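Here is a friendly tour of a two-chain complex for anyone who likes to see the numbers behind the picture. Please have a look at the model first.

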Amino acid sequence: MTKKENNEPGKAMIDRRLFLKSTALGLAGTALPLKKARASIWNSFFQEHFSEMDDGEIKKVLERLEQENQKKYGRNIDIRADKPIEGVKFAYALDLSRCVGCRKCVYACVSENNQSRNPQIHWISVLKFKKDDKWIDLENADRYYDPNLVPEDDSFYMPVQCQQCEDPPCVKVCPTQATWKEKDGIIVVDYNWCIGCRYCMAACPYGARHFNWSKPGIPKDEINPNTHYLGNRPRYKGVVEKCTFCVQRTRVGKYPACVEVCPVGARKFGDLLDPDSEIRYIIENKRVFRLKEDLNTIPKFYYFFAT
Amino acid sequence: MNDLKSNFLRTVKYTFSGDKRYRLWLFILFSVIFFGIAAYLRQLNTGLITTAMRDQVSWGYYIANFTFLVGVAAAAVLLVIPAYLYDFKPIKEIVLFGEMVAISAVVMCILFVTADMGQPLRAWHILPLIGSMNFPSSLLVWDVIVLTGYLVINSILVIYALHRIATGKEYKLALIWPLILISIPWAVSIHTVTAFLYSGLAARPFWNASILAPRFLASAFCSGPAIMLIIFQIMRKVSKIEIEDKAIFKIAELAAYAMGISLFLLAAEIFKEFYSGTVHLAPMKYLYFGLHGKAHLAPWIWTALVFNIISFVLFLLPRTRENFMYLNIGAILMILGVYIEKGMGLVIPGFIPDTLGEIYQYWPTMSEILITLGIWATGALVYTLMAKLAIGIYTGAIRFTTEITSG
């Protein structure tokens with residue numbers, strides 16, 4: 001555990017793992033101004049994969065990240081790493097007959113999850129379809145409809161976000177295991193491990209993954225300081241991010257921000273493993289469907305028509 | 001040790017010196033590389049927002065070039081087979097230069113992938129032991145493995161051969177025969193894996209076709225040889241190296257067959273998509289005819305198709321193939337045709353329309369073009385220096401001191 005905070009190069013070499021890394025990365029290593037480097041740069045460069053760290057190591061990383069953010073944003077941002085709740089698997093349902101296309105969920109998500117305002121990143125895209133014989137015809141969907149006109153009589157709206165697939169293609173293709181499925185079914189990204197190759201974006205059938213094409217631009221006073229390491233903590237330039245069902249909220253018993261904000265109650269959320277949950281009631285009693293079922297990604301995101 | 005040092009210094013001095021034309025060529029390459037590096041530093045600093053890529057089209061010109069160049073690298077095998085398996089003398093004499101094309105192409109591939117990465121400093125995360133490579137699940141990992149292996153194999157083959165000749169020792173074919181044998185399926189594997197990287201994605205119907213790997217290989221055996229036969233003609237013009245016409249015509253003939261197969265596979269794909277006309281047709285319709293009035297790739301793909309057909313005819317007929325003017329026209333059309341079809345024509349339609357139906361018409365920015373040119377210049381530089389040394393060794397202009405025991 002000492003290796004994480006060890007900033008004396010002589011001492012660090014004792015550690016096998018660091019030694020391996022330093023040798024194999026001779027070039028990268030020598031490129032860093034070792035003596036002058038702040039421990040933070042060194043430790044952040046050699047931070048281990050999230051799943052390989054024990055609780056103590058994670059705690060140290062969180063402290064370091066909080067310090068970095070303090071410096072960057074001039075305010076305290078709390079980063080937690082709450083583990084999945086045992087025996088819980090989250091799922092989502094969305095009532096298309098209620099959705100009015102107001103995009104309140106989109107903006108609640110942006111501010112809850114610290115998405116970049118400039119350039120703009122939205123984890124939720126609301127698609128507008130014509131009420132005609134073409135049904136959900138993605139090719140003719142409109143993402144850029146005028147919010148002042150909603151709801152339009154001849155249209156229906158379908159918000160799309162990460163479908164938290166049981167068999168997620170994005171996880172399958174990631175070359176560095178920087179994204180994975182947690183025990184509660186949520187697909188997460190380690191923003192300190194992602195190399196930004198964007199293979200996952202090519203693999204995702206739902207356009208749910210978003211890339212930080214530049215440094216995320218968020219006004220300091222708009223930052224949500226309650227964050228999760230695998231969720232809404234501030235991101236870096238050059239990494240991929242996505243909806244986590246608000247992991248920072250749902251793991252402490254709250255609803256995702258989009259569920260809470262929805263003015264028409266179209267969004268439902270709950271535990272798939274609890275037979276008495278609302279989500280189970282919907283799945284068992286409503287005619288539900290999932291997006292692109294033929295791809296066999298097995299989304300945990302159900303669309304339905306209540307009325 | 002002294003020998004090693006003096007040989008090394010002599011090699012460096014020799015490869016960088018030459019007549020006026022040679023020095024001018026190096027100067028041009030270094031200038032282009034300089035601008036490429038400048039653009040890359042800016043991209044590193046500001047992020048990939050300097051490119052035209054966005055969430056809708058998340059891979060662009062870099063990955064297009066990468067895909068094309070994997071094909072060029074793989075095509076070295078087209079020289080290795082006749083040279084070693086069929087002992088075709090004229091090609092055996094130049095097979096080394098083909099392997100050098102492969103080395104330069106793989107170097108460019110690695111640079112293009114690096115240029116495309118959001119966090120290039122974290123590249124070590126993909127390595128085994130120190131990183132956490134997602135093997136065997138991620139095809140990108142497979143690609144890293146096969147490309148690195150291919151680079152190593154070809155480097156050993158070239159270095160061994162040159163070192164033997166330079167030190168005046170006998171070239172022991174038996175010693176590297178296994179490596180030559182391995183290099184053949186390995187060349188096929190690098191392009192197969194690169195095709196699988198695309199065709200394994202169910203989210204992208206344009207790529208999700210089992211015909212993709214065969215198409216990749218067929219078109220690779222067009223563009224690679226076409227590039228080589230132009231390089232070979234330049235080399236024999238500017239140096240003392242002798243390359244027989246017969247070798248060049250043979251390479252062109254092989255490329256003609258490859259183009260025939262490539263066109264047939266394309267036709268098979270086009271028939272299937274258009275005749276069945278499912279929702280999966282959209283990207284191909286976009287590519288050739290446009291969708292919702294948007295068709296920015298259509299002029300390019302039709303150009304590529306015409307170029308490919310013309311070059312096929314020119315290379316197929318012995319009369320035009322063995323006439324250097326037609327041969328060179330054919331080669332240039334073939335290179336451009338495959339470059340368009342397999343570069344932008346393959347990567348971009350995979351993302352148009354995007355998975356939620358949006359059409360974002362990607363076109364590379366000046367920054368992307370500068371970085372791309374810089375990488376091409378780097379590849380050309382690598383090839384030039386290698387070829388210069390090899391020609392020097394072949395013609396006896398440079399010799400190593402022979403006390404070296406290492407190998």
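The report below covers confidence, the interface, a sheet, a helix pair and some backbone details.

## Model and confidence

This is a predicted model, in which local features need a pLDDT of at least 70, side-chain atom pairs count only at pLDDT 80 or more, and totals for chains, interfaces and linings use all residues. Residues are numbered from 1 along each chain as its sequence is written, while chains are lettered from A and ligands numbered from 1 in the order in which they are written.

The predictor gives the complex an ipTM of 0.93 together with a pTM of 0.92. Mean pLDDT (the predictor's confidence in each residue, from 0 to 100) is 93 for chain B, where 98% of the residues score at least 70. Helices and strands here are DSSP runs, numbered from the N terminus (helices are H or I with at least four residues, strands are E with at least two).

## Where the chains meet

Contact means that the C-beta atoms of two residues, placed from the backbone, lie within 7 Å. By that criterion, 47 residues of chain A are in contact with 41 residues of chain B. On the chain B side, helix α7 (residues 139-166) gives the most, with three residues.

The chain B side divides into 22 nonpolar, 13 polar and six charged residues. For these classes, Ala, Val, Leu, Ile, Met, Phe, Trp, Tyr, Cys and Pro count as nonpolar, Asp, Glu, Lys and Arg as charged, and the others, Gly among them, as polar.

## A four-strand sheet in chain A

Strands of a sheet pair through backbone hydrogen bonds, either parallel or antiparallel. In chain A, four strands form an open sheet with mixed pairing, in the order β10-β2-β12-β11. Two strands are taken as paired if DSSP finds at least two bridges between them. β10 (267-271) and β11 (288-289) of chain A are at the edges with a single partner strand each, so each has one side without a neighbour in the sheet. Helix α12 (residues 278-285) of chain A packs on the sheet and touches β2 (90-95), β10, β11 and β12 of chain A, its direction making about 110° with that of β10(A).

Five bridges hold β2(A) and β10(A) in an antiparallel pairing, with A:Leu94 and A:Arg267 as bridge partners. Buried means 20 or more other C-beta atoms within 10 Å of a residue's own, exposed means 12 or fewer, and partly exposed lies in between, with C-beta atoms placed from the backbone.

## Two crossing helices in chain B

Helix α1 (residues 2-16) and helix α16 (residues 366-394) of chain B have axes that come within 9 Å and cross at roughly 110°. Axes are lines fitted to C-alpha atoms, for helices over the stretch in contact, and angles run from 0 to 180 degrees between N-to-C directions. The two helices are therefore roughly perpendicular to each other, a label for angles of 65 to 115 degrees (under 35 is roughly parallel, over 145 roughly antiparallel, and the rest oblique).

From α1(B), the residues B:Thr11, B:Tyr14 and B:Thr15 meet B:Leu385, B:Lys388, B:Leu389 and B:Gly392 of α16(B). This contact is made up of three nonpolar, three polar and one charged residue.

## Backbone details worth checking

Most residues other than glycine have a negative phi, and most peptide bonds are trans. A cis peptide bond joins A:Asn118 and A:Pro119, with omega about 0°, and A:Pro119 lies in the loop between α7 (104-112) and β3 (125-130) of chain A. Both A:Asn118 and A:Pro119 are among the contacts of A:Gly217, an exposed residue with 12 other C-beta atoms within 10 Å. Another cis bond links B:Ile352 to B:Pro353, with omega about -5°.

A:Gln177 and B:Asp87 are not glycines, yet each has a positive phi of about 55°. Are these residues buried or exposed? A:Gln177 counts as buried, with 22 C-beta neighbours inside 10 Å, whereas B:Asp87 is exposed, with 9 other C-beta atoms within 10 Å.

Notes: Lists of a residue's contacts leave out its neighbours within four places in sequence.
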